[in-house]
Amino acid sequence: METEDKNPVEGGGFGSPEQTGSEDADPEAEKDKKNDVEEYSSFYKTEVGELTLQWKIGHREKKVNKIENNVSKEEIRVDSIAKSIESLEKSIEKIESILSDNDDESLRDSLEEGKVNLEKELDGLKERKEKSQEKLEKEKEKLEEALDNRNEAIDIMLDVYNEKLKPIEEEIVQSKAREEELKVIASDMKVKHDRQREILKSFRKEQRDLEKSLKLAGVNFLKRRSILSKIRSSQEEIADKIKEDEESIKSKQRDIRDKIRDAEKRASVYQKEKKYFQSIRDGESSKTDKEESGADPKEKKETGETSEKEKPFLINDLVKKWNKHIEERSEEEKTHLMIEEDIIPDIEKFADGEKELTLKDFKEFISKRISMDHGNKEILDVLEEIFKTFDPEN
Amino acid sequence: MENKEEDKKEYGIKDIEEKVDRLMKDIEDLKKEVENDSEETKEVIRSISEDIDVSMGKIETLSSEIEAAREKASKLLDSSLGDDGEE
């Protein structure tokens with residue numbers, strides 16, 4: 001497939017090596033770029049180059065989350081400065097009210113001095129608030145742009161999948177039906193060939209009998225050879241024809257099977273990608289629904305109503321408990337689902353360098369890993385089933 | 001006595017020749033049957049093969065269109081905000 005040979009790191013992709021040499025480079029951004037390249041390299045080694053776009057979107061998703069975090073932090077900062085401003089303004093109002101009712105010169109001087117200091121502090125805070133507000137606006141713009149851009153890319157793909165994937169699936173179904181027909185023909189053909197081979201066997205017996213009779217009748221060697229060679233060569237021609245037909249039908253079946261398998265493989269990449277993009281879009285709309293209904297996830301956290309899936313667990317513990325949880329599964333499932341210790345750094349990277357991860361994110365990590373390593377839908381279904389009973393607290 | 005032996009021999013050879021002819025005819029009949037079967041099967045296989053190639057051609061075209069969209073989406077992501085190291 002075309003994209004197999006394309007490296008998103010090249011040509012201005014994330015963490016593009018040619019982007020790393022800027023003079024005023026931010027060390028944090030440099031680190032991010034390095035991580036991008038490493039992440040991409042390990043992804044690419046899985047030989048699932050077809051999933052490049054999916055990887056890019058997933059990567060973008062992480063960046064969107066990062067900006068969302070920055071926006072939240074900046075909002076908290078702006079709120080906190082606003083509260084300080086409010087309290088300072090109240091203090092100044094109080095001083096002004098005392099000043100208006102008081103004639104004591106020395107008290108007035110001290111209050112005036114205090115008021116000037118508070119006003120200076122207030123100006124400083126207002127300036128800080130303005131800067132924070134500006135930063136917040138910029139982060140919001142960035143977020144909006146990143147989301148618009150991500151959604152635009154996803155919508156392009158969803159539109160094209162909605163239009164093109166179904167006909168591909170239909171063509172595959174039709175081809176498989178034709179393949180089945182060919183299987184029936186091959187099977188009928190085998191029955192015929194078996195019968196024809198039996199007839200040939202009986203001809204060979206007749207030929208041997210004739211050979212004996214010719215000898216007994218005193219027919220000389222040359223004449224015998226001339227009669228028998230004609231019989232023999234005709235039989236060989238038939239046997240060769242049967243063999244040739246069998247090989248030809250087998251080779252055609254292999255050829256058709258390979259073609260259909262390639263088409264299915266290609267369609268499966270598209271199906272997975274469509275599902276993945278749709279899940280991001282669905283997540284987006286359910287997020288909007290929540291926001292519209294006023295159920296702000298931040299508020300939920302503040303009131304301590306964190307659901308089990310949002311509760312963070314130590315990655316090391318999660319891995320140990322997960323491996324224990326799947327101990328009873330079949331060897332094949334364990335091969336796909338068991339998490340080796342050397343994967344833990346990848347999970348930490350997935351958790352943006354944190355040592356903790358929510359159950360929901362842990363599941364997302366394993367699903368992505370399986371999709372990249374095996375692309376096996378059955379294992380993903382098994383994973384879904386196992387997760388229903390997985391409780392890291394037990 | 002000698003003539004009798006000769007007649008017997010001649011009759012025996014004639015009988016064998018008849019058997020050879022019959023066997024050759026049977027072989028030829030089988031050959032024709034095999035060839036006819038082969039032609040018929042080839043024709044059906046050709047038709048199935050052609051249908052599958054047409055389907056594969058359609059899939060190829062549709063896939064190219066998907067790939068083109070994917071390329072477009074990929075470029076859009078590459079050129080977008082967030083890839084310039086701002087975050």
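Q: What is the mean pLDDT of chain B, and how many of its residues reach 70 or more?
A: The mean pLDDT of chain B is 82, and 78% of its residues reach 70 or more; pLDDT is the predictor's confidence in each residue, from 0 to 100. This is a predicted model, in which local features need pLDDT of at least 70 and side-chain atom pairs count only at pLDDT 80 or more, while totals for chains, interfaces and linings use all residues. Residues are numbered from 1 along each chain as its sequence is written, and chains are lettered from A and ligands numbered from 1 in the order in which they are written. The model scores ipTM 0.80 and pTM 0.57.

Q: Where in chain B does pLDDT stay under 50?
A: pLDDT stays under 50 over residues 81–87 of chain B, although the model has 22 contacts beyond four places in sequence for them. Two residues are in contact if their C-beta atoms, placed from the backbone, lie within 7 Å. Where pLDDT is low, the predicted coordinates should not be read in detail.

Q: What makes Ile344(A) partly exposed?
A: A residue is buried if 20 or more other C-beta atoms lie within 10 Å of its own, exposed if 12 or fewer, and partly exposed in between, with C-beta atoms placed from the backbone. Ile344(A) has 15 other C-beta atoms within 10 Å, so it is partly exposed. Ile344(A) is found in helix α8 (residues 344–350) of chain A; helices (H or I, at least four residues) and strands (E, at least two) are DSSP runs, numbered from the N terminus.

Q: Which residues does Ile344(A) touch, not counting those up to four places away in sequence?
A: Ile344(A) touches Ile315(A), Asn316(A) and Val319(A).

Q: Which residues of helix α6 of chain A are buried?
A: In helix α6 (residues 315–325) of chain A, the buried residues are Ile315(A), Leu318(A) and Val319(A).

Q: Why are the buried residues of α6(A) said to line one face of the helix?
A: Seen down the axis of α6(A), they fall within an arc of 95°, so they line one face. The arc is that of the directions from the helix axis to the C-beta atoms.

Q: What is the secondary structure of chain B?
A: Chain B has one helix and zero strands. Of its 87 residues, 23% count as buried.
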